[in-house]
Amino acid sequence: MTLEKRLIRYADLKPCTNAFIDTRSPGSDKKENFTLIGPGVAENPDQHIHISIPHGFNIGGARQPAGCLNSKHSHLTEEFFVVHQGTWAFTSGVDTDDGRVILNEGDIISIPMDIFRGFENVGEDIGYLYAVLGSDDPGRVLWAPAVFDLAKEHGLVLLEDGSLVDTTLGEKIPEGKNPMPVTSAKQIAEHRIVNSEAMENIVQRTETFDWAKNKCLAQFDGVKEVALVGPESPAEDLPASKFNWSHKFVVRGLKLAQGAKVNDHIRFEEEVVFVHEGEINITVDDETLSLGKGDTFTTPINATRSFTQQGKGDCILYITRRNDQPQAPKFI
């Protein structure tokens, strides 16, 4: 695969507007779902997958206008979000009334698998969330019972195999297939009740990021790093993050001041770079790509890479790597 095919520009994202059972539910009917890396959890087989290379995690995105919400659900793996654009409310509970927190641009939240959650763009403009789900196969979404009822009112039926039937188009449930059973009281009871105060434990505000120097990527002038997901990493000279439980992936923040550069080094896991702010040149094996705000790039394993900040302001990257304990980079 060429480097260009490993680059997903924000301007080139291909959305799916009917990815899930709540596609037609009032308030949720204007959301756009993106599958950047891996199969994701979309229930529509027509969902476009930008990069299908297994990474040990999936990366997706949600773009929603003001007032648009994502219905209450849970996942079988950890779900981590970066608020890239807009102001968002994240709620907990099967009826989304247990807890509520508001996140702004740059803030992050990591939601364990045993919590029902929903999220809504409560700002005034288009909002975009960048999301990481654990595992190559993150499984299916478990929807709250009310979502099934509302979907049926609008002609959508979710099947046991995770596919959708649209009765408004004359589609019928295929012979030999059955509707997905509505989420049971037993399944609901297996989820935690998390109030607003407790939700703050799975949120980190960008103003609290502990940007610091270290002996790894932040050894270079004008470069700082912060651990955002994962336990202590002596190999990378990073302390434990606030979200220090096992995700089977880690997330790092990297900040480069004007003119800063991270010199040539090799990584032994594929790493996905998301540009939250600014501009960056990434050179991989003597080929250079320029990335801007909202762009995503996945670097091949064992390739030599360097990062050079472009532009006048700081460049802030969110970088995801496989495993709870990635290996130390090898500097050339």
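Tutor: Strands here are DSSP runs of E, at least two residues long, numbered from the N terminus. The model is predicted: local features need pLDDT of at least 70 and side-chain atom pairs pLDDT 80 or more, while totals for chains, interfaces and linings use all residues. Residues are numbered from 1 along each chain as its sequence is written, and side-chain values use heavy atoms, leaving out hydrogens and water.

Student: How many cavities of 30 Å³ or more does a search of the whole structure find?

Tutor: A cavity is a set of 1 Å grid points where a 1.4 Å probe fits but cannot get out; lining residues have an atom within 4 Å of a point. Points join across faces, edges and corners, and volume is the space filled by the probe spheres. The search finds 3 cavities of 30 Å³ or more.

Student: Which residues are closest to the centre of the largest cavity?

Tutor: Phe-20, Asn-33, Val-41, Glu-79 and Leu-133, out of 27 lining residues. Strands S2 (32-37), S4 (57-64), S5 (69-74), S6 (79-85) and S11 (127-134) each give two or more residues to that lining.

Student: Which element gives the largest share of the lining of the second largest cavity?

Tutor: S7, with 3 residues. This cavity holds about 40 Å³ of space. Its lining includes Phe-90, Thr-91, Ser-92, Arg-117 and Met-199. Strands S7 (88-92) and S10 (117-121) each supply two or more lining residues.

Student: What is the strand order in the open sheet of 6 strands?

Tutor: Strands pair if DSSP finds at least two bridges between them. The order is S1-S22-S19-S24-S17-S16, with antiparallel pairing. S1 (7-8) and S16 (223-229) are the edge strands, each pairing on one side only. Inside the sheet, 4 bridges join S19 (271-277) to S22 (296-299). Phe-274 stands opposite Thr-296 in S22.

Student: How many salt bridges does the structure hold?

Tutor: The criterion is a Lys or Arg side-chain nitrogen within 4 Å of an Asp or Glu carboxyl oxygen. The structure holds 16. Lys-31 and Asp-22 form one, with the closest N and O atoms 2.8 Å apart.

Student: Is Lys-31 buried or exposed?

Tutor: Buried means under 20% relative accessible area, exposed over 50%, partly exposed in between (1.4 Å probe, protein chains only). Lys-31 is buried at 9%, and Asp-22 is buried at 0%. Now take Glu-200 and Arg-205, another salt bridge, also with N and O atoms 2.8 Å apart at the closest. Glu-200 is partly exposed at 32%, while Arg-205 counts as buried at 19%.

Student: Which salt bridge partner does Arg-267 have at 3.2 Å?

Tutor: Glu-236. The two sit 31 residues apart: Arg-267 in the loop between S18 (261-266) and S19, Glu-236 in the loop between S16 and S17 (249-256). Both are buried. Shared partners join Glu-236, Arg-252, Arg-267, Glu-271, Arg-305 and Arg-321 into one salt-bridge network.

Methods
1 Å grid on protein atoms, 1.4 Å probe; cavity = no way out; pocket = protein on both sides within 12 Å on 5 of 7 lines; lining within 4 Å.
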